[in-house]
Amino acid sequence: MSNYGQVYSAWKKDPEAFWGEAAKEIDWIKPPSKIFDKNAGVYGRWFPDATCNTCYNALDRHVKNGRGAQRALVYDSPVTASARTYTYAQALDEVATLAAVLQNLGVTKGDRVIVYMPMIAEAVFAMLACARIGAIHSVVFGGFAAKELATRIDDAKPKAIMAASCGIEPGRVVHYKPLLDQAIDLSAAKPDAVLMLQRPQSQAAMTAGRDHDWADAVSNAKAAGQKADCVELAATDPLYVLYTSGTTGVPKGVVRDNGGHMVALKWTMKGLYGIEPGEAFWAASDVGWVVGHSYICYAPLLHGATTIVYEGKPVGTPDPGAFWRMISEHKIAALFTAPTALRAIKKEDPKAEHLARYDVSCMRTLFLAGERADPDTVQWAENILKKPVIDHWWQTETGWAIVGNPVGLGILPVKHGSPTVPMPGYDVQIVDEGAKPLPAGTMGSIVVKLPLPPGCLPTLWQNDKRMVESYLEEFPGYYKTADAGYIDEDGYLYIMGRTDDIINVAGHRLSTGGMEEVLASHPDVAECAVIGIKDALKGEQPCGFVVLKAGVTKPHAQIEKEIVALVREKIGPVAAFKIAVCVDRLPKTRSGKILRATMKKIADHDEWSMPATIDDPAILDEIAGALKSHGV
Ligand code: COA
Ligand code: AMP
C-alpha cells in the first residue's frame, strides 16, 4: 500500500504545514518563523525570514554528526582509467580550502562564479565552495561552444571562472582553455580571475595576471592552514544560476535559492527516491545540467548519502556493461539516467549479456527522466533488471520532479508511457488556451497552479520581467510548463511534447530557434527552419532546412556542410546538428507562418493532412523529396 494519497492530500490541505515539517530536516542558522510570503517576489517566496548555508548542510553537519568517515563522493573515470573516493571529512577539507582560495581571489557573497568543468570531483567541490561563501555559481556544460559560454558570461558577469584544462570524450580530448579564452574575448564582462585546473591530458596556456593555477592555489592555502567558514545567507539568497534553452537564442538564467532548494531536495531523497542516508545514489548525468546540480551535487549530500561522479559514457567506455560495473563496484542503491543511455546500451547489448557479468542486487530502483521514456525501452529495462523502472518528469526550472512515482511513500502501479502522479507541492492541471481546466483524457497545456513549491525557480537571473512573460502571463494563476499532455482517469499524467521550439536530443534540451539564428547568419542563407525529427537512439535530432539567397552558385552539398560546421562552432557539439537540407522554398501559411509541424510529420513518416491555410501545397512534396535524398 502506498501512502501517496494521504501525503498528497495532507500537502494540498495545508501546504505551509507540509513544508514547515519538511524544513525540520535542515540545519538552519535562523529557523523559519514564516513558511511562505505570498507578497514577496514574483509569485511569493519560501522561508522568507530564515538564514542558512547549503554547504554546511551538505558537508559540515554530517561530519559533526558522525559521518566523517563515510563515503561522500566517489569519482570513477573510465576515460582516464582512474577512480577516487572522498569521505565526508575529506570532502569538507577540500571544499573549505577551495572556498578560501576563492576568497583569496576576492570572491565574496553575491559574486557570480562560472564553473566550466568536466565530470571530475573538483567540479562538485567548486559548486560547494561557492555555496560555502555565498558566491552564486553558474555551471556551463562542457559540450557548449565558446559563443554559448560567452553569452552566459555576459549575463552572469562573473567575478571569477573556475575551469579545467580539458574534458575527455571517447577518442577525443576537448581542450577547454582555448574555448574559455575565446569566450572571454567575445564577452563584455571580463572576469577578474580564472582558476585553472591543469589536467595531465591538456596543458592550458596561462594568461599572466588573470589565470591562477588551481593546484598551486589549493596547496598554498593548505600550507597556510586557510579554510573558509560557512557564510550566513538568507534562505532566499540565490545559490546558483543555471542557464537553459529559451525560445530565443538567449538562454534563460534559472535562479535557485538556498532554503527552499534544500528543503525540497532533502524531501525527495526519501519520499521520491526511497534512499536512506549512507546509501549510494548515482545520477548518471553531467554537472552542467539540472539533474547534475540536484542529484550529483546537492541532494545526495544534503541527505548524508554517497554521490557518484562518473566520467564516462553508457557505452564504449569500454563496453555496454559500464553502468552495471559501476552499480556493483560502488554498491549503488538507485541509478538515475536518461532513456537515451538505456537505448544506447540496448542497441549494443540487446540481450544484456554484459549485465550477467555483474552483481547488481544492491540496486533497488532505476529512475529515468530528461526526455520521454518510450515504453519499449522501459519494458526492456524491467525485463533485464527485474526491478522497478520509474519514469519521472521535471524541468531545469523546477529543480526536482513535478510528477513521479514516489518509491519512498510506497510505489504506485507503473503505467508505461506515464511518469505517474504529481508530487506534493505541485497542483498539475491540463488547460485549454483560455486557461480553462480540461476533463480527464483531453490533451492540453500542462500547467502548475501557483505558487510553485520550494526548490523551483523564484525568478530568472535579474529578469523578473522575462520570468513573468515566459512562464506566468499566458495562463494567469499558473506556471506554464510548455509541455503538452493529458491526465487519465486515475490521475496519471502523460507528456506528449513541447508547446514551444524546444527539442530534446539525447536528454539534452536545445532550442531550434537558437539553431535557426545560427543558420540565418550564414552569408548564403535567405530563410531557414529547424525542426526536431525522430531518432531511434537520441529520441530526437535536429534537422535544418535552408533557402539560399538568389544568385548563390556554390554547390548545395558544400553549403550544407558549412552549415553543419557552423552550428557546431556556434552552439557546440552537444547540438548534434548533422542534417542540413537546401530547399527552393519553405511551406508556409497564407499569412507567412512556416509550417514546421507538418514538415516534422513528413520527416517522421507520420500521417499528416494538408493544412487548410497552406499557401502552396506543392512545396510539401518538394520537402519530402529533399528529405528522401538526404536519407531521412
Ligand atoms: N564536452 C564536450 N563534448 C561533449 C560533451 C561534453 N561534456 N558531451 C557530449 N559531447 C559531444 C559528444 O562527444 C558528441 O560529439 P561528436 O558529434 O563529435 O560525436 C556530441 O557532443 C553529441 O553528444 P551526444 O548527443 O551525447 O551523443 P554521443 O554519441 O556522444 O553519445 C549517448 C550518445 C547516448 C551515449 C549519450 O548521449 C548519453 O550518454 N546520453 C545520456 C544523456 C544524459 O545523461 N542527459 C542528461 C539529462 S538527465
Ligand atoms: P530540462 O530542463 O533539460 O530538464 O528539460 C525539461 C524538458 O524535458 C521537459 O519540459 C520535457 O519536455 C522533457 N522531459 C523531461 N523529463 C521528461 C519525462 N520524464 N517525460 C517526457 N518528457 C520529459
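Student: Let's start with one cysteine: is Cys-582 buried or exposed?

Tutor: Cys-582 counts as buried, because its relative accessibility is 10%. The general idea is that buried means under 20% relative accessible area, exposed means over 50%, and partly exposed lies in between, with a 1.4 Å probe and protein chains only. Before we go on, keep in mind that this is a predicted model: local features need pLDDT of at least 70, side-chain atom pairs count only at pLDDT 80 or more, and totals for chains, interfaces and linings use all residues. Residues are numbered from 1 along each chain as its sequence is written, chains are lettered from A and ligands numbered from 1 in the order in which they are written, and side-chain values use heavy atoms, with hydrogens and water left out.

Student: Okay. How many disulfides does the structure hold?

Tutor: A disulfide is a covalent bond between the sulfur atoms of two cysteines. Here the test is a pair of cysteine sulfur atoms within 2.5 Å, and the structure holds 0 disulfides. Take Cys-456, which is in no disulfide: the nearest cysteine sulfur belongs to Cys-52 and is 17 Å away. Cys-456 counts as buried, with 3% relative accessibility.

Student: On to sheets. What is the strand order in the open sheet of 7 strands?

Tutor: First, how to read the labels: helices (H or I, at least four residues) and strands (E, at least two) are DSSP runs, numbered from the N terminus. Two strands pair if DSSP finds at least two bridges between them. The order in this sheet is β5-β4-β17-β16-β18-β19-β20, and the pairing is mixed. At the edges stand β5 (82-87) and β20 (389-391); each has a single partner strand, so one side of each lacks a neighbour in the sheet. On average, neighbouring strands of this sheet are turned by 20° against each other, direction ignored. Axes here are lines fitted to C-alpha atoms, for helices over the stretch in contact, and angles run from 0 to 180 degrees between N-to-C directions.

Student: In which sense do β18 and β19 pair?

Tutor: Strand β18 (residues 332-337) and strand β19 (residues 365-368) pair in the parallel sense, over 4 bridges. You can find Leu-335 opposite Leu-366 in β19.

Student: And what pairing does the open sheet of 4 strands have?

Tutor: That one is antiparallel, with the order β23-β24-β25-β26. Its edge strands, β23 (428-431) and β26 (493-498), each pair on one side only. The twist from one strand to the next averages 50°. Within this sheet, β25 (residues 478-487) and β26 are joined in the antiparallel sense over 5 bridges; Ile-487 has Leu-493 in β26 as its bridge partner.

Student: Where is Asp-76 found?

Tutor: Asp-76 is in strand β4 (residues 71-77), and it is buried, with a relative accessible area of 3%. A polar contact is a pair of N or O atoms within 3.5 Å; within protein, one must be able to donate a hydrogen and the other to accept it, and residues adjacent in sequence count only if both atoms are side-chain atoms. The side chains of Asp-76 and His-330 make such a contact at 2.7 Å.

Student: Now the ligands. Which residues come nearest to ligand 1?

Tutor: A residue is near a molecule or strand if one of its heavy atoms lies within 4 Å of it. Of the 23 residues around ligand 1, the nearest are Glu-169, Arg-172, Ala-506, Lys-538 and Arg-568. An N or O atom in the side chain of Glu-169 is 2.6 Å from an oxygen atom of ligand 1. The protein covers 83% of the 940 Å² of accessible area that ligand 1 has on its own. Such areas come from the Shrake-Rupley method with a 1.4 Å probe; for residues, only the protein chains shown count as cover.

Student: How many residues are around ligand 2?

Tutor: There are 15, and His-392, Thr-396, Asp-483, Arg-498 and Arg-509 come nearest. An oxygen atom of ligand 2 lies 2.5 Å from an N or O atom in the side chain of Thr-396. Taken alone, ligand 2 exposes 490 Å², and the protein buries 92% of that.
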